[in-house]
Amino acid sequence: MTSEPIFRSAGRPPDGAPNIVAIVLDDTGFAQLGCFGSDIATPHMDRLAAGGLRYNRFHVTALCSPSRASFLTGRNHHAVGMGFLADIPLDHHGYTARIPRSAATLPRILRDNGYSTLAVGKWHLTPRFERSAGGPFSHWPLGTGFERYYGFLQGDANHYAPNLVEDNHYVDPPATPEEGYHLTEDLTGRAIRYLDDQRYATPGKPFFLYFGLGAMHSPHHVTPEWVEPYRGRFDRGWDAWREEIFQRQLEAGVVPPGTTLTPRPAWVPAWDGLGDDERRMYARQQEVFAGFLTHTDAQIGRLLDHLEETGQLDNTIVVLFSDNGASAEGGVDGSVNEHRFSSGLPESLQDNLAHYDDWGGPRTYNHYSWGWAWAGNTPFRLWKRYTWLGGTRTPLIVHWPAGIRERGAVRGPVVHVNDLFPTLLDAIGIEAPDIVDGIEQQEIDGASFRATFDDPEAPAPRDTQYFEMLGSRSLIHGRWKATTDHVSTGVLDEEKLLTGSRAFEDDHWALFDLSTDFSEATDVAAEHPEVVAELRRLWDREAERNHVLPLFDNLVDRIGTLIGPVWPAGDDRTYRPGASPIFDESLPVLFGGFRFTAEVEAADAPDGVLFALGDWHGGFALYVTGGHLAFTFSRAGELLEVTADRPVPPGSQALGVAHTAGPDGFAFHLLHGDAVVGTLAFDGLLPVALQHGGAGLRLGHNTGLPVSGRYRTPAPWNGRLLSVRVQTPGPAQPDPLADLRAALHAD
C-alpha cells in the first residue's frame, strides 16, 4: 500500500524580495507636502523624497474609495465596481461597491507568494449594509487578502474617539482623549507592533504593510502643541501663500519651467477683500491643518525610524501618495462640525469664531475653508471630486534604497494609481495570476513604470487613461487632456457658486496640451476641434469598456438602484445587554419617528446611561442624572435636551423616549411607562446620518466622547437594564440628496 503526500508547501517569494509599505494619505493636495513646495513642516516625508523619487504627473481617481480600489487591484475603478463611494452601492456593474473575485487584490497575490499582509488605518472599501458585526466579511480587509487589520471601515473618523475595528470585530479605543489618545498615533503604534510580531514569528519573510491614514481628511484633529508653531504663519492669506508655493515648486523642479499658475476662480474670495474676522478665522483653520499635517508626518517618521532601526528600510519599497486632491467640502467658510452639512444646518462665521481657541480639539469636527484647498492644489484648478488636475494629480514618492540608485530626483511620465499594482509586482519579480480560486482574472488596466526607477527618460507605461467622478469627465491621451466643465451635486456652496455645466448635454470639453501646459491652464479646444472629437470618442470607448455608463451626478433618479440590506432591521427590535455595540446601519430607520423603551430595575438613587449612540458631534442618549430621566439629541452639535419633571422611582419599570414627527411639528417626549414626563418641541428634521464615521448603540453605558456634558463616560447604569426596544412607524425613505451629501462628507 502506497500513499502520496498531499500537503502543498506555502508559496515563497523570489530570493531577496523587498518588503512593501504603502502609505496612503487622505485629501492631501499636490502642493501641501514640503517636498512638493509647501512651507508646512513634513521632514520625514521630505526624507523619503530626498532618498527616492518624486513623480509630478501621478494621477488618482478624485475620490477615496475608487482610488484605493484601483491601487489594490490594478484595474480602473469602475471596472471593479467602485465608480463611486462604498457608502452608496448601486446595482449597476460599475457602482456595486464590491471588488469582484475576478480582480484578486495585491495583498491576496502577495500572500499567495509568501508575503505577510498587514493593513492598518482607513479602509472604506466595504459596501454599506455590510459593515455591521454580522458582516458578511468578504469585503472587509481580511476577506480581500490581508491577514491582520486594525483601523476604521468608513470614510472618516474622530481622531479622539474613533469607531475602530480589529480584524473582523469592533473594538473600543485603548485610551481616552483625557489620557492623550490620538488615532494617528494609535495606528502607527499598531503598525509597528504588527511588524514586530511578523519579524519575530517569521524571520526573513517579506511583508506588505498597507498604512492608510485618516489624515489629512477632516476632522483636522490635533492637540495645541502641534498648532502653536504655526500661529500667525498664514495671516498673509491663501493668495500670497499660493504664489510662494508656486515659486518653490519651480525652484525645486516639482513643476517644469514655463508652467502657468492658474488664476483664482471667482468663487474663492480674494484674501484682500475679506473682513478682519474672516481673515482671523480662516488663518486659524490653516494653522490647525498645518499642525495636523506635521503631526501626521511625525507618526510616519516613527514608522520609518522603526524600519531603519530593525535593518529593514533599505530593502523596503515605500510608496506614499494621496487618494485625491485637497478637499473643499468645508465650503466657503469652513466648518466647526462637518456633520452640520449633512444635517441641513448652515455654516456660520460666528459659530466658527466661538470655537477659535479649541479649533481642532475634541469639541470640534472641523474642516477648513475651500480657499485653502484651492491653494493646497497649486498650481492646478479645482479639487477633490473633480477630474481636473486639482482632483486627480497628487504627490507620489517612491523610496527603495536597494533598488533605486538616483536620489531626490523628479520623474515626469504620466502614471496612474492603477499602475502601482503591476509596478510593485514587477519590482518583486511576481507575475499576476490568470486564475485565482478557479476564477479567470479580468484584464489589468495598469502597466509597470518600473523602468523609470533607473531611467529618467523612460516613457509613460501607457498612452490613454480615462477619468469620471460624479459626472466630471476627462481623458488623457498622449500629449492631450480633455476635461469637461460639469459641476456635480453634493456640496451646497459648489452648487450655488461654481460656474460650469449642470447638464451633460451642455458640457464643454476643454482641451489642454500637457506637453507644454503642465497645469491645465490654457484651453486650446477651438484650435484643435478634431483632437477634441477624437478624445471624446476615446472617452466613450473607455466608458463602455469599464462600465462607467450610465452617467449620474446625483441620486434622485438612481435611488431605486441602491443595494439595500439583505437582512433589514425592520421597524420593531429588542436588544439586550451583552453584545457588541449595535451598528447604526443595523438599527431601524429613526429620522421619521421612533419610540425607545428601556425595561429597567432602578436603584434607590438611579444614575447613568441607559443607551447611547454617537457623541456630542452627532448622536443621542437616554440617561438619568440627578435622579431624573433625560434625553439629549445632538443634531451636528446642536443639543436638543429634555429632562423629566419628576424623579425616577426605584424598582422595576419602563423608561423611554418618543420622537413624534408630523404636521403639528416635531417633539421628543420622555416617558415613565406610558406617562409623558417631559416634552421638547423643536424645528426641523432629524439628520439621516448622525456620524460620518459610523457609530454603535451601546446599552447601559457610553464610551468615548459623551453626547451631553451632563454625564461623563462611561457613566454606567447603576441599576439593572433588562432590554431596550425600538419601534418606528415603518420604512421611511430619506431624501436621496441628503444621503449623497452625507456620503460625500464622509469620504
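Guide: A polar contact is a pair of N or O atoms within 3.5 Å, and within protein one of the two must be able to donate a hydrogen and the other to accept it. The model discussed here is predicted.

Visitor: Which residue has its backbone oxygen 3.0 Å from a polar atom of the side chain of Ser-322?
Guide: Ser-322 belongs to strand β9, which covers residues 316-322. Leaving aside neighbours within four places in sequence, Ser-322 is in contact with several residues, among them Leu-25, Asp-26, Asp-27 and Phe-58. The polar atom of the Ser-322 side chain lies 3.0 Å from a backbone oxygen, and that oxygen belongs to Thr-28.

Visitor: Is Ser-322 buried or exposed?
Guide: A residue counts as buried under 20% relative accessible area and as exposed over 50%. The relative accessible area of Ser-322 is 1%, so Ser-322 is buried.

Visitor: What value is phi of Asp-27 near?
Guide: Asp-27, one of the residues in contact with Ser-322, sits in the loop between β1 (19-25) and α1 (43-50). With a relative accessibility of 2%, Asp-27 counts as buried. Its phi is positive although the residue is not glycine, with a value near 55°.

Visitor: In which loop is Leu-470 found?
Guide: Leu-470 is another residue other than glycine with a positive phi, here near 50°. Its relative accessible area is 3%, so Leu-470 is buried. The loop that holds Leu-470 is the one between β15 (464-469) and β16 (472-477).

Visitor: Which backbone nitrogen does the side chain of Glu-179 reach at 2.9 Å?
Guide: Glu-179 is placed in the loop between β7 (169-171) and α4 (183-201). Its relative accessible area is 59%, over the 50% cut-off, so Glu-179 is exposed. At 2.9 Å, its side chain reaches the backbone nitrogen of Thr-176.

Visitor: What value is omega near for the peptide bond from Thr-378 to Pro-379?
Guide: Pro-379 is located in the loop between α10 (370-376) and α11 (389-392). A cis peptide bond also joins Ser-218 to Pro-219, with omega near 0°, and Pro-219 lies in the loop between β8 (207-212) and α5 (224-227). The bond from Thr-378 to Pro-379 is cis, and its omega is near 10°.

Visitor: What is the radius of gyration of the protein chain?
Guide: The protein chain has 15 helices and 30 strands. For 747 residues the globule rule gives 27 Å, and the chain comes close to this value, so it is as compact as a globular protein of that length, with a radius of gyration of 26 Å.

Conventions. Residues numbered from 1 in each chain as written. Predicted model: local features only at pLDDT ≥ 70, side-chain atom pairs only at ≥ 80, totals over all residues. Heavy atoms only, no water. Helix = DSSP H or I, 4+ residues; strand = E, 2+ residues; numbered from the N terminus. Rg over C-alpha atoms; globule rule 2.2 N^0.38 Å. Buried < 20%, exposed > 50% of the residue type's maximum accessible area, 1.4 Å probe, protein only. Contact = heavy atoms within 4.5 Å.
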